[in-house]
Amino acid sequence: MLKLITKKLTGKFLYYCFPALLFFTLQGYSQVFWTEDFGSGCNTGFPADGLTTANGTWTVDSTVGFNATYANDWFISAHVNNNGAGNCANDCSGGSNQTLHVGNTGITTPVVIPGDSGSYLTGAYCGFGVCSSTSKRAVSPVIDCTGKTGITLDFLYYEGGDVADINGNATLWYFDGSTWTQIDPLPKTSNGGCAGTIYGTFTVYSLTLPASADNNSSVKLGFQWDNDDSGTGTDPSAAFDDIHLSTSTSAAPVADFDVDFTSICEGDTVYFSDLSTNTPTSWQWTFPGGTPGTSTDQNPVGISYSLAGVYDVILVATNADGSDTETKTGFITVNVCTGEPIADFIASDSIICEGDAIDFTDLSTNAPTGWQWSFPGGTPATSTDQNPTGIVYSAAGIYDVTLYASNSFGTDTFLHAGYITVNVCGGGPVANFSASSTNLCTGDLIDYTDLSTNSPTTWDWTFFGATPGTSTDQNPVGISYPASGNYNVQLIVSNGNGSDTLLFSNYISVTACVPPIAGFTASDTVLCTGDSISFFDLSTGNPTAYQWTFFGATPPVSSVPNPTGIFYNTPGLYTVQLIVNNSSGSDTIVFTNYINVNACIPPVAGFTASQTTLCEGSCIDFTDQSFGTPTTWLWLFPGSNIVSSTDQNPVNVCYADSGSYNVTLIVKNDYGSDTLIQTNYITVDTCPKPIVHFMATDTFFCSNNCIDFIDLSDNIDGTTSWHWIFPGGVPSEDSVRNPRVCYPEEGIFDAILIETNQYGSDTLVLSQYINVINVPGSFISNDTAIYFGGSVQLHAGGGVSYQWSSQIPGSTFVPGETDPDPIVTPNSYPPDEAYTYYCEITDGTTGCTTKKQVTIEILHVDHIFVPNSFKPSSSGANSTVGVYATNVKKLSFVIYDRWGEKVFESSSPCPDTGPCDPTGWDGKYKGKDCEMGTYVYTLFLISEGGNIYHKNGNITLIR
């Protein structure tokens with residue numbers, strides 16, 4: 001015997017085991033339905049406000065309190081890395097598990113902050129320009145808790161700060177859809193083991209959300225950070241990760257099961273399937289008459305029955321909350337199957353009257369599994385039930401009955417000819433009646449209709465509580481009920497063969513009526529042309545009359561309570577009106593544009609491209625212009641970077657190689673589909689841009705000479721413009737292909753050509769291409785610096801004669817202004833910061849003259865200098881960075897990274913020459929190389945003379 005085996009899967013639950021102390025004990029089975037772990041990635045700069053995770057977009061609410069200029073902010077990044085419960089957090093160098101954490105905004109002008117060296121500047125004095133008072137709440141996306149009760153929140157977190165919770169404090173908040181509520185102040189975590197870091201120990205935290213979260217679709221969570229500017233902060237911080245919402249179930253199972261076959265032959269096996277609910281964890285089956293007789297499997301298989309009989313099956317399902325027993329009596333029938341069945345049956349009656357119904361019982365042997373009955377003259381005329389019931393014979397006559405019984409061994413037929421006799425029966429009447437209404441108002445009139453059979457000749461009506469109270473009419477009319485209540489009605493009918501009595505208890509319901517209130521609904525409000533719908537009366541107040549108006553429909557009106565078959569053949573929006581009446585008044589309801597009728601036609605594909613002729617490597621966008629409201633789109637772009645797309649309007653479709661390409665669009669809606677293939681729709685060209693080359697007729701000459709520039713570019717076909725740029729030349733710009741340029745002054749100059757055609761442009765810059773020199777080989781001293789009151793010897797050369805000059809009052813040249821190497825003493829008072837000296841050098845061959853200059857910087861006693869860049873791997877003075885200064889009494893020099901974290905501090909100046917070791921910064925922090933980039937510093941210096949210097953600036957670290 002072929003058996004159908006059904007496998008049924010049971011639910012699995014995910015359990016979380018936390019090593020730290022929970023604030024309550026979970027009961028039953030925890031089912032996590034919402035998780036936020038903030039993702040992973042080694043990064044340090046993602047603000048939480050507006051950042052989207054798998055659950056939606058997180059936001060930061062800065063309106064919950066006061067926030068100063070350098071208020072802390074919320075970030076989602078691995079700048080604070082989660083190493084798991086019980087472990088210290090670290091930065092991105094220790095892992096990439098991102099968290100929601102408190103950090104600093106960019107600090108553009110950091111200063112030395114007495115009493116606070118925390119990296120988060122919490123508790124800073126506003127008087128030093130860095131105010132960090134903060135009150136901000138990181139807000140989760142909306143969490144749908146529909147269908148969830150007893151909701152538990154758990155997460156990992158750490159929090160530091162002072163005990164008073166004023167210089168850095170995190171709190172937990174809850175939003176119920178309309179109001180924010182603080183649900184926990186979040187105790188400080190134990191961070192003593194993390195003293196060597198700026199972070200704390202991740203700790204498990206758990207609580208039960210308020211009852212208002214149950215079945216609430218608008219829940220949000222908030223993590224709030226607050227601190228002030230008291231100046232006593234101790235580097236507080238907070239971070240959160242692995243947030244879970246879960247529910248617990250604590251219900252005993254409800255046992256249930258099924259089997260593949262309930263009727264089998266001796267020796268057959270069957271397969272049982274557990275259908276129990278509430279997640280049982282163990283099963284105890286009992287199979288009387290079966291082998292084996294018991295099982296603890298969830299879904300026992302191969303249970304065999306060797307002896308014919310009818311057997312019970314018992315299942316006990318158990319979980320931690322209890323157990324339940326399901327006993328199915330006589331569930332398994334085992335038959336002696338020796339061959340094909342022998343068909344036989346019996347009827348509940350074989351001689352009946354017209355209209356009577358009879359039942360048939362199968363008596364076939366050898367365990368048939370299929371039955372086909374034929375009842376000529378009966379209704380229904382056929383059946384496949386084993387024991388058909390309610391077969392009605394409406395016309396007098398003699399009728400056969402046939403049964404075909406079958407099993408796996410074959411089929412047998414039993415024809416019982418003339419088995420059923422149906423007579424036209426005489427006899428006493430059978431009373432029956434109906435009323436025109438059974439629910440009415442006081443004072444209403446109703447009519448009664450006799451439905452009795454077998455031709456009664458007299459009628460005796462009794463209308464309890466009515467006026468009149470009795471009648472002998474066959475069909476009494478105008479019967480009224482003056483008082484509210486429920487009333488019986490009785491009819492006694494008689495003829496020559498006897499009488500019959502029918503009493504309907506509480507048949508008539510009478511109420512003190514009020515005017516009705518109209519109301520209705522439709523089986524559908526959005527349909528296609530030609531569809532029909534039904535309307536259903538929802539009116540109250542017992543209306544007795546209905547007047548429907550269906551604008552634009554067929555039929556347009558109806559007076560029945562629940563009209564059906566209302567057709568709409570034209571697209572549009574249609575109004576429906578219902579007027580209801582009873583004896584107490586009427587009411588009207590109008591639903592404007594209630595029915596929306598659509599044409600429901602299949603779509604017609606159509607599209608355009610932002611460009612159909614393009615260059616290799618270019619990208620274009622496609623716009624759907626299909627008709628008929630498609631709901632799905634399938635685009636095919638052979639030859640592009642996007643083989644196919646299901647977007648309505650695909651963008652950035654790129655073609656790398658030249659050629660002609662087809663585009664296909666297939667659109668669908670509920671009513672059909674359409675395909676449009678545009679052959680060779682996209683043309684891709686190589687689009688060669690110009691390749692710029694040029695030369696000058698001369699590149700080394702004296703001033704006031706003119707030269708020609710010659711364009712030597714490739715791919716110039718279709719070139720539309722030349723744009724020449726000549727620094728130091730006249731003209732300084734030109735647009736002809738081969739321009740002439742003059743140079744009035746000496747110098748070394750670039751030459752630039754930008755050439756453009758229809759596909760683009762190319763630029764060639766020849767740096768220091770043109771050399772205009774009046775006195776070749778001429779030179780002058782480099783710029784230098786001396787202390788005020790000192791002297792310096794200047795040098796000039798490369799010519800045959802020299803003439804020194806200066807605009808400095810009282811300046812002297814020793815031995816004279818025409819000497820190539822004079823000694824000068826800048827002594828103007830009050831002294832300037834720098835002085836400039838000029839020397840005209842004349843060439844002996846050409847007679848040309850050039851004028852050069854040298855600048856002398858005046859150094860004072862309190863000279864202070866900080867380099868703006870350094871390269872740690874270099875040699876010499878530039879390998880470290882620090883403060884070069886003289887006459888120093890007290891010095892504080894601090895360098896910060898862009899997160900505001902201090903990476904270096906010194907109180908000693910650098911030597912006058914050479915590298916700044918050991919007082920300078922070597923580009924490392926905690927023994928590790930810092931990243932290349934810009935760092936900020938603050939300098940505070942008091943000189944021996946009592947002068948105070950305060951300076952902020954930037955230093956570029958180069959690697």
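A: A disulfide here is a pair of cysteine sulfur atoms within 2.5 Å. The model is predicted, and it holds four such links. Among them are the ones described below, taken along the chain.

Cys528 belongs to strand S44 (residues 526-528), while Cys600 sits in the loop between strand S52 (585-598) and strand S53 (607-609). The two cysteines are 72 residues apart, and the bond therefore links distant parts of the chain. Cys528 and Cys600 are both buried.

Another disulfide runs from Cys615 to Cys687, S to S 2.0 Å. Here the S-S torsion is about -90°, so the link is left-handed. Cys615 is in strand S54 (residues 613-615), and Cys687 is in the loop between strand S61 (672-685) and strand S62 (694-696). Because of these positions, the pair ties together parts that are 72 residues apart in sequence. Cys687 has a relative accessible area of 9%, so it is buried.

Cys619 and Cys654 make a further disulfide, with 1.8 Å between their sulfur atoms. The torsion about the S-S bond of Cys619 and Cys654 is 100°, and the link is right-handed. Both ends are in strands: Cys619 in S55 (residues 618-620) and Cys654 in S59 (residues 653-655). The pair spans 35 residues and links distant parts of the chain. Cys619 has a relative accessible area of 39%, so it counts as partly exposed. Cys654, at 18%, counts as buried, because the limit for buried is under 20%.

Now the rings. The structure holds 66 aromatic pairs. One of them is Phe591 with Tyr594: the centres are 4.9 Å apart and the planes meet at 55°, so the pair is tilted. Phe591 is partly exposed, with 25% relative accessibility. Trp724 and Phe726 give a stacked pair, because their planes are at 15°, with centres 5.7 Å apart. Trp724 is buried at 0% relative accessibility, and Phe726 is buried with a relative accessible area of 0%.

Charges also sit over rings. The charged end of Lys328 lies over the ring of Phe257, 4.6 Å from the ring centre. In another case, Lys851 is over the face of Tyr838, with 5.0 Å to the centre of the ring.

Asp362 is part of strand S27 (residues 360-362). With 10% relative accessibility, Asp362 counts as buried. The side chain of Asp362 has a polar contact of 2.9 Å with that of Trp371, and another of 3.3 Å with the side chain of Gln386. Leaving out residues up to four places away in sequence, the residues Asp362 touches include Asp344, Phe345, Pro368, Trp373, Asn387 and Leu403.

Last, the nonpolar core. The largest core has 32 residues, and those touching the most other members are Trp74, Leu100, Leu153, Phe155, Phe223, Phe240 and Ile243. Strands giving two or more residues to this core are S5 (73-77), S6 (99-103), S8 (152-159), S9 (169-175), S11 (203-208), S12 (220-227) and S13 (238-249). S13 contributes the most, with four residues.

One aromatic cluster is made of Trp74, Phe155, Tyr157, Tyr205, Phe223 and Phe240. For Leu153, contacts beyond four places in sequence include Leu172, Tyr205, Leu207, Leu221 and Ile243. Leu153 also touches Ser206 and His244.

Conventions: Residues numbered from 1 in each chain as written. Predicted model: local features only at pLDDT ≥ 70, side-chain atom pairs only at ≥ 80, totals over all residues. Heavy atoms only, no water. Buried < 20%, exposed > 50% of the residue type's maximum accessible area, 1.4 Å probe, protein only. Phe/Tyr/Trp six-rings, centres within 6.5 Å; stacked < 30°, edge-to-face > 60°. Lys NZ or Arg CZ within 6 Å of the ring centre and 35° of its normal. Polar contact = N/O pair within 3.5 Å; in protein donor to acceptor, adjacent residues only side chain to side chain. Contact = heavy atoms within 4.5 Å. Core = buried A, V, L, I, M, F, W, Y, C linked by side-chain atoms within 4.5 Å.
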